[in-house]
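This report walks through selected strands, helices and contacts. Begin with the structure itself.

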Amino acid sequence: MTLLIGALTIGLILSLLAIGVLVSFRIFSMPDITTDGSITFGAAIAAVMLVHGVNPLLATAAGALGGAVAGAVTGVLHTKFKINALLAGILVMTALYSVNLHVMGRSNVPLMQARTLASYGETLGEALFGGRTINVLGWAVGSADAAVLLLALGAAAAGGALLFLFFRTNIGTAMRATGDNAQMIRALGANVEGYIVLGLALSNGLVALSGALLAQYQGFADAQMGIGMIVWGLASVIIGEALTGTRSLGLTIVGAVMGSVVFRLLVAIALRWGLNPNDLKLITALFVFAALVLPSMVAKLKRTRPGLEPGA
Amino acid sequence: MPTESKPSNSSSAMLSISAIRKTFNPGTVNEVRALQGVDLEIEEGSFVIVLGMNGSGKSTLLNAVAGTFFVDEGTIQLAGRDVTRWPEHRRAQLIGRVFQNPFSGTAPNMSIAENFSLAARRGLPRGLGWALSPQLMGPLRERIASLKMGLENRLDNAIGSLSGGQRQALTLLMATWLKPKLLLLDEHTAALDPKSADQVIALSDEVIQRDKLTTLMVTHSMQQAVSLGDRIIMMHRGRVLHDFRGAEKRRLRPEDLLDRFDEVRRREQLDESAAAMLNELYV
C-alpha cells in the first residue's frame with residue numbers, strides 16, 4: 001500500500017513535468033531537452049533555500065522561476081541566435097549541470113532537517129486524520145503519506161487547471177497559434193519569437209516546479225536526478241493522448257496528468273515484479289520509440305493490406 | 001518607366017513606396033533581382049490590382065510591403081509612417097493579409113472562434129483577458145451568419161475541417177475584422193475551384209467597398225483585373241511597366257491586357273516554352 005501511495009504521489013508530482021513537456025512538445029513541436037537540466041535546477045534552488053530556512057512555498061516558487069529563466073535562455077538561443085531547437089536545449093542542459101553543482105555546492109543536498117512542503121503534509125495529516133495511520137478500504141495508510149498525496153493531487157490539479165485557463169486567454173491562444181501556424185499569427189501582429197521564448201519559459205517553469213516538489217518529497221536534490229526526464233515526460237504525454245485523445249485542450253492536459261500517474265504505476269509494478277532498476281531508462285526510451293513509430297507503422301500496414309481496414 | 005507625373009505631396013497617399021530594390025541570394029548562382037526600383041503611390045481608399053507574369057515581382061512587392069523581408073534599398077511609408085525597418089508583426093497593426101494558400105491564413109487545429117479571437121487583437125496588446133469574450137462572440141456569430149455558409153453553428157469546429165473556399169472567406173473576414181489601413185490579397189483565389197473563387201471575389205469586393213479599404217490585390221485573372229478595382233499595375237522584371245487608372249482603367253478589356261503582355265513578350269523575345277506558358281496562363 002505504501003508503495004502504491006508513493007507511486008501515485010510521484011506520478012502526480014511528475015505530472016507537472018508532463019504538462020510542461022506538453023507545452024514544448026505538443027504546442028511548439030519542439031522536444032525541449034532543457035527539461036533534463038531545469039528539473040534539477042528547480043530542485044537545487046528549492047533545496048538550498050530550504051536548507052537555509054526559507055519558507056517552503058517561497059523556495060518552491062523560486063525553483064520554478066529558475067526553470068522559467070533556463071527555458072527563456074533556450075528560447076533566446078533558438079530564436080535570436082537561430083540555433084537549432086534541439087541543440088539550444090542541449091547547450092542549456094549541459095550548462096545547467098555546472099550551474100546546479102554551483103547552486104548546491106556539491107552533488108547532493110539532503111533535506112532531512114529542513115522544513116519542507118512534505119513536513120507541511122505531515123502536520124496537515126495529523127490535523128486531518130489525527131492518528132499515525134488511517135484505514136483506507138482495509139489498508140493501513142500513514143496519515144502523513146495520505147496528506148502528502150492530497151497535496152500532490154492539489155498541486156497537479158492546480159497546475160493543470162491554471163495551464164488550461166492560461167491557454168484560453170488572449171496570450172495563451174496566440175501562443176497555441178504560434179505552434180499551429182506561425183505565418184498566420186505573425187500576419188496578425190504577434191511576435192512569434194517572443195511567444196516561443198515565453199512558451200519555453202512556461203514549460204520549463206512547470207518542469208522546475210515539478211523538480212522542486214520532487215526534491216521535497218524524496219528528501220534530497222541530486223545533480224543526476226534530471227537524466228532522462230524529458231523522455232519520461234514524453235512517455236507521459238503519449239500515454240495521456242492514448243487515454244483521453246487530443247480532441248480538446250482540456251482533455252489533453254488531463255491526459256498528460258493521468259499519463260504521468262499511470263506510467264509511474266506501471267514502473268512501480270514492473271520494479272515490484274523484479275525489473276532491474278538499471279533497465280528503467282532503456283525501457284522508457286524503447287516505450288517512447290514504440291509509441292512514436294507504431295501509429296505510422298500500423299497505418300502503413302493497413303494501406304498495404306486493405307483487408308485489415310475496418311469497413312474498407 | 002513611370003510616365004505620369006506623380007503627386008508630389010506624399011502625405012495624401014496611404015501607401016508610398018519609393019525606389020525599393022530587393023535581390024535574393026546576392027552573389028550566388030541563385031541570385032534573383034526580384035525588385036529593381038519600384039515607385040508607387042496609392043491613395044486612401046484605392047483598390048489596386050497587380051498583374052504580372054510569374055517571376056515579375058508582384059508577390060515580392062506585396063511581401064516587401066508586408067515586411068516578410070527587409071528591402072535592400074528604398075523606403076516604404078504606410079499611413080504616414082516610415083515602416084521600412086518595421087518587422088513583419090509590427091506592420092500587422094496596419095495591414096490585413098490573405099495568402100494564396102488557404103492553409104496559410106488560419107490555424108487549422110484551432111476553432112473558428114479562436115481564430116477570430118486572434119484576428120480581433122491584430123496589432124493590439126493581447127493580455128490575459130479571455131480570448132472568447134462575449135463581446136467578440138455576438139458580432140462574430142452575426143458576421144459569419146451573413147456569409148450564408150452555415151458556419152455560424154460550427155464556431156467551435158477546428159478550422160482545418162473546412163474547405164479551401166470557406167477558409168479563404170474566413171481569412172478575409174479575419175484580415176478585415178479590425179479595419180486595416182491596407183489590405184493585401186496575394187492571389188487569394190488562385191488555389192480555389194472556380195465557384196469558390198467567384199464567391200471569395202464577390203465577398204472581397206463587398207468588404208472592400210463597404211469599408212472603403214485601401215487594397216493591393218495580386219491576381220492572374222484578366223477578368224478579375226478588369227472587373228475589379230480602380231487601378232491596374234502591370235509589373236515586369238521587378239519594375240512597374242504600366243499603370244492604368246481612372247477612365248483608362250475603366251475602358252480596359254481583357255484583350256487589351258493580353259495585348260500588353262504580348263508586347264512585353266515580343267520585346268523580351270521570350271523563348272517558345274515561356275510563350276507557351278504565357279498562353280496557358282492568360283488565354
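In E7(B), B:Leu182 is the bridge partner of B:Ile95. The model is predicted. B:Ile95 belongs to strand E6 (residues 95-98) of chain B. E6(B) runs parallel to strand E7 (residues 182-186) of chain B, and four bridges join them. Along E6(B), B:Ile95 and B:Arg97 point one way. B:Gly96 and B:Val98 point the other way. All of these residues are buried.

On to the next pair. E7(B) also pairs with strand E8 (residues 215-218) of chain B, in the parallel sense and over four bridges. Here B:Leu185 stands opposite B:Met217 of E8(B). The whole sheet is open and has six strands, in the order E6-E7-E8-E3-E9-E10 (chain B). Its pairing is mixed. E6 and strand E10 (239-245) of chain B are the edge strands, each pairing on one side only. On average, neighbouring strands of this sheet are turned by 20 degrees against each other, direction ignored.

## The antiparallel sheet of chain B

Chain B has an open sheet of four strands, ordered E2-E1-E4-E5, with antiparallel pairing. At its edges lie strand E2 (32-43) and strand E5 (81-82) of chain B, and each pairs on one side only. Strand E1 (residues 13-24) of chain B and E2(B) run antiparallel, joined by nine bridges. B:Arg21 stands opposite B:Gln36 in E2(B).

A helix lies across this sheet's strands. Helix H1 (residues 58-66) of chain B lies across E1, E2 and strand E4 (73-78) of chain B. H1(B) runs at about 65 degrees to E2(B).

## A buried glutamine

B:Gln224 is found in helix H7 (residues 222-227) of chain B. Is B:Gln224 buried or exposed? It has 21 C-beta neighbours inside 10 Å, and the cut-off for buried is 20 or more. B:Gln224 therefore counts as buried.

Leaving aside residues up to four places away in sequence, B:Gln224 touches B:Ile201 and B:Thr219. B:Ile201 is 23 residues apart from B:Gln224 along the chain. Their C-alpha atoms are separated by 8.2 Å.

## A helix pair in chain A

Now to chain A. The axes of helix H1 (residues 2-27) and helix H9 (residues 192-218) of chain A come within 8 Å. They cross at roughly 165 degrees. Angles over 145 degrees count as roughly antiparallel, and H1(A) and H9(A) are therefore roughly antiparallel to each other. The crossing is left-handed.

Which residues make the contact? On H1(A) they include A:Ile10, A:Leu14, A:Leu17, A:Gly20 and A:Ser24. On H9(A), A:Gly199, A:Ser203, A:Asn204, A:Leu206 and A:Tyr217 are among them. By class, the contact has 16 nonpolar residues, seven polar and no charged.

## Where the chains meet

Chain A brings 20 residues into contact with 25 residues of chain B. On the chain A side, helix H7 (170-180) and helix H8 (182-187) each supply at least two residues. Which helix gives the largest share of the side of chain A that touches chain B? H7(A) does, with seven residues.

The side of chain A that touches chain B divides into nine nonpolar, seven polar and four charged residues.

How values were computed. Residues are numbered from 1 along each chain as its sequence is written. Chains are lettered from A and ligands numbered from 1 in the order in which they are written. This is a predicted model: local features need pLDDT of at least 70, side-chain atom pairs count only at pLDDT 80 or more; totals for chains, interfaces and linings use all residues. Axes are lines fitted to C-alpha atoms, for helices over the stretch in contact, and angles run from 0 to 180 degrees between N-to-C directions. Angles under 35 degrees count as roughly parallel, over 145 as roughly antiparallel, 65 to 115 as roughly perpendicular and the rest as oblique. A crossing is left-handed if the near helix is turned anticlockwise from the far one by less than a right angle, and right-handed if clockwise. Two residues are in contact if their C-beta atoms, placed from the backbone, lie within 7 Å. Ala, Val, Leu, Ile, Met, Phe, Trp, Tyr, Cys and Pro count as nonpolar, Asp, Glu, Lys and Arg as charged, and the others, Gly among them, as polar. A residue is buried if 20 or more other C-beta atoms lie within 10 Å of its own, exposed if 12 or fewer, and partly exposed in between; C-beta atoms are placed from the backbone. Two strands pair if DSSP finds at least two bridges between them.
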